[in-house]
Amino acid sequence: MTAKEYLRKLIDIDQDIQDYQDEILRIRTGLERMTPQLSGMPMGTPDSDKLSGKMDGLIMWQDRLNKAVDEACRLKVVVMDILEQMPNETTRRILFKRYIACKPFTLISVEMNYSYYRTCHLHGQALREFEELAKDDNL
């Protein structure tokens, strides 16, 4: 696995986490609509099977979210250990901003006062440095 493929896992997991959070919010919104309003007037009860199914779905998505967050934390610790070994501060910062902070190259180039193309060039150099250090760590 190349350094870029390994680091890309961080962005993929971050996107998964965002998707899981969106789904949890959608389910919670649906559950809030199902909750009966409290009043003195007698009302029918909500469909308990439907409520139970939504609660099961919510728990499932929360479990997936927790696993993804745990995996992201584990990967970030491994990546940070390697990044801290990089001698070049500029290339280290580019990899941090791209893969830990999940920022696009356009934003990274603005933040670091480099052109987009220079940022991409430095990113390639950073990946080579990362890969050399990762080999030493047996990744």
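Student: Leaving aside its neighbours within four places in sequence, which residues is tyrosine 116 in contact with?

Tutor: Contact means heavy atoms within 4.5 Å, and with neighbours within four places in sequence left aside, tyrosine 116 is in contact with Phe105, Thr106 and Ser109. This is a predicted model, in which local features need pLDDT of at least 70, side-chain atom pairs count only at pLDDT 80 or more, and totals for chains, interfaces and linings use all residues. Residues are numbered from 1 along each chain as its sequence is written, and side-chain values use heavy atoms, with hydrogens and water left out.

Student: Where is tyrosine 116 found, and how far is tyrosine 116 from threonine 106 in space?

Tutor: Tyrosine 116 is found in helix α5, which covers residues 116-136; helices (H or I, at least four residues) and strands (E, at least two) are DSSP runs, numbered from the N terminus. Although tyrosine 116 and threonine 106 are 10 residues apart in sequence, their C-alpha atoms are 6.0 Å apart in space. Tyrosine 116 counts as partly exposed because its relative accessibility is 38%, where buried means under 20% relative accessible area, exposed over 50% and partly exposed in between, with a 1.4 Å probe and protein chains only.

Student: Is serine 109 buried or exposed, and what does its side chain reach?

Tutor: Serine 109, which is found in helix α4, has a relative accessible area of 6% and is therefore buried. Its side chain reaches the backbone oxygen of threonine 106 at 2.8 Å. With neighbours within four places in sequence again left aside, serine 109 is in contact with Tyr114, Ser115, Tyr116 and Thr119.

Student: How many helices and strands does the protein chain have?

Tutor: The protein chain has five helices and zero strands, giving the pattern α-α-α-α-α along the sequence. Of its 139 residues, 33% are buried, and among contacts with a separation of 6 or more, 68% link residues 24 or more positions apart.

Student: At what angle do the axes of α4 and α5 cross?

Tutor: Two packed helices are described by the angle between their axes and the distance between the axes. Here the axes of α4 and α5 come within 9 Å and cross at roughly 100 degrees, and the two helices are therefore roughly perpendicular to each other. Axes are lines fitted to C-alpha atoms, for helices over the stretch in contact, and angles run from 0 to 180 degrees between N-to-C directions; angles under 35 degrees count as roughly parallel, over 145 as roughly antiparallel, 65 to 115 as roughly perpendicular and the rest as oblique. Phe105, Thr106, Ile108 and Ser109 of α4 make the contact with Tyr116, Thr119, Cys120 and His123 of α5.

Student: At what angle do α3 and α4 cross, and is the crossing left-handed or right-handed?

Tutor: The axes of α3 (residues 89-100) and α4 (residues 105-112) come within 10 Å and cross at roughly 140 degrees, so α3 is oblique to α4. The crossing of α3 and α4 is right-handed; a crossing is left-handed if the near helix is turned anticlockwise from the far one by less than a right angle, and right-handed if clockwise. Thr90, Arg93, Ile94, Lys97 and Arg98 of α3 make the contact with Phe105, Ile108, Glu111 and Met112 of α4.

Student: At what angle do α3 and α5 pack?

Tutor: The axes of α3 and α5 are 9 Å apart, and the helices pack at an angle of about 95 degrees, so α3 is roughly perpendicular to α5. Among the residues that meet are Ile94 and Leu95 in α3 and Leu122 and Phe130 in α5.

Student: What is the phi of cysteine 102, and what is the phi of asparagine 113?

Tutor: Most residues other than glycine have a negative phi. Cysteine 102, which is not a glycine, has a positive phi of about 55 degrees; it lies in the loop between α3 and α4 and counts as partly exposed because its relative accessibility is 23%. Asparagine 113 likewise has a positive phi, near 60 degrees, and is placed in the loop between α4 and α5, where its 70% relative accessibility makes it exposed.

Student: Which residues does alanine 68 touch, not counting residues up to four places away in sequence?

Tutor: Alanine 68, found in helix α2 (residues 48-83), touches Ile13, Ile17 and Tyr20 when residues up to four places away in sequence are not counted. Alanine 68 and isoleucine 13 are 55 residues apart in sequence and 6.4 Å apart in space, C-alpha to C-alpha, and alanine 68 counts as buried because its relative accessibility is 11%.

Key: Polar contact = N/O pair within 3.5 Å; in protein donor to acceptor, adjacent residues only side chain to side chain.
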